[in-house]
Amino acid sequence: MRSVALDQPVKAPVFRGISIGRRLKNAFATTLFFTSFLIAMVPLVWLLWVVVKRGWYAVTRAGWWTHSLRGVLPEQFAGGVYHAIYGTVVQATVAAILAVPLGLMVGVYLAEYGPDRLTRLTTFMVDVLAGVPSIVAALFIFSLWIATLGFEQSAFAVSLALVLLMLPIVVRATEEMLKLVPDELREASYALGIPKWKTIVRIVIPTALPGIISGVFLSIARIIGETAPVLVLVGYSRSINYDIFNGNMASLPLLIYTELDNPEHAGYLRVWGAALTLIVVVAAVNLVAGGIRVFASRPR
């Protein structure tokens, strides 16, 4: 029997393949996740198919995108949803103008100046606000802006309610994207004697800008389809209204809700056409977000 020297290194066994058990587990997990993905896609594809099938005739009709329903009788399938598209875009734009700067500043504070007692309190309040239903936000704005301060129902009141729904998404997106910025960039800037505020503005925020933009546009896409604020805070108008502080203003969700009470076939066509239009608008917002994100990510 040959002896082995004690000082001779022992070679570890070499596994030339993966065991059968691990292969079976990997195949099972892959099959499980792929099947779950297909099951999750079924209702989405079915929903899109139904909306496109029932709303395609309306959205391809002449005047659908360029006319309002002014002077159109309930039984007539004429006019279009230009006034509702305008109201949806205006209300979401005003909400974004108010929510994005505020959410950006709060996110910067939470990511760059915490943690302390105030940041913990702010984080708690943002989490609470993120779980508030849209109807609660609408009722809060109604009680404060209309019942207490005495202002009229208007599109601007709707935008205020949408700000409450949009704000936590912007704050969270900004905070998480800023936390992903490497600390080496901040330390290098501080080593050069650059103040903290200028480091945040000139280095940290531009680095995290693509992710912040994605979060902003996701929040816009989330509030575009909200129905409760428009039901509580503004009335429906069949014509376009350019004044966001006075008078009724239509939007796509409000048009859908209103036309549901129309027993005529024209109302049925308008409901599904407006639903498909809303999907197209949300998809357009996401495409714009993707384009801006790609442009902001390009090296300069």
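This is a predicted model: local features need pLDDT of at least 70, side-chain atom pairs count only at pLDDT 80 or more; totals for chains, interfaces and linings use all residues.
Is Thr 88 buried or exposed? In it, Thr 88 sits in helix α2, and its relative accessible area is 4%. Buried means under 20% relative accessible area, so Thr 88 counts as buried. Who are its neighbours? Setting aside residues up to four places away in sequence, Thr 88 touches Ile 224, Ala 250, Ser 251, Leu 252 and Pro 253.

Now step back and look at the whole protein. How many helices and strands does the protein have? There are 10 helices and 0 strands. If you follow the chain from the N terminus, the elements read α-α-α-α-α-α-α-α-α-α. The radius of gyration is 27 Å, well over the 19 Å that the globule rule gives for 300 residues, so the protein is more spread out than a compact globule.

What about the surface and the interior? Of the 300 residues, 39% count as buried. The protein exposes about 18200 Å², and carbon and sulfur atoms supply 69% of that area. There are also charges to consider: 24 positive and 16 negative ones, whose mean positions lie 12 Å apart.

Next, think about how the chain meets itself. Take the contacts between residues at least 6 apart in sequence: 72% of them join residues at least 24 apart. Val 50 belongs to helix α1, which covers residues 20-59, and with a relative accessibility of 14% it counts as buried. Val 50 and Trp 272 are 222 residues apart along the chain, yet their C-alpha atoms are separated by 9.1 Å.

Ala 111 and Thr 174 are 63 residues apart in sequence, while the distance in space is 8.3 Å from C-alpha to C-alpha. Leaving out residues up to four places away in sequence, Ala 111 touches Glu 175, Leu 178 and Lys 179.

Although Glu is counted among the negative charges, Glu 226 is buried, with a relative accessible area of 14%. Its contacts, again without residues up to four places away in sequence, are Ser 134, Leu 162, Leu 165 and Pro 253. For another pair of positions, look at Glu 226 and Pro 263: they are 37 residues apart in sequence and 24 Å apart in space, C-alpha to C-alpha.

Let us finish with the aromatic rings. How many aromatic pairs does the structure hold? The structure holds 8 of them. One of these is formed by Tyr 86 and Tyr 242, with ring centres 5.2 Å apart and 70 degrees between the planes, an edge-to-face arrangement. Tyr 86 lies in helix α2 (residues 82-112) and Tyr 242 in the loop between α8 (228-233) and α9 (252-259), so this pair ties together parts that are 156 residues apart in sequence. Tyr 242 is exposed, with a relative accessible area of 57%.

The pair of Tyr 109 and Tyr 113 is stacked: the centres are 6.1 Å apart and the planes are 15 degrees from each other. Finally, look for Trp 145, Phe 151, Phe 156 and Phe 245, which form one aromatic cluster.

Technical notes. Residues are numbered from 1 along each chain as its sequence is written. Side-chain values use heavy atoms; hydrogens and water are left out. Helices (H or I, at least four residues) and strands (E, at least two) are DSSP runs, numbered from the N terminus. The radius of gyration is taken over C-alpha atoms; the globule rule is 2.2 Å times the number of residues to the power 0.38. Buried means under 20% relative accessible area, exposed over 50%, partly exposed in between (1.4 Å probe, protein chains only). Contact means heavy atoms within 4.5 Å. Accessible areas come from the Shrake-Rupley method with a 1.4 Å probe; for residues, only the protein chains shown count as cover. The place of a charge is taken as NZ of Lys, CZ of Arg, CG of Asp or CD of Glu. Rings of Phe, Tyr and Trp (its six-membered ring) pair if their centres lie within 6.5 Å; planes under 30 degrees apart count as stacked, over 60 as edge-to-face and the rest as tilted.
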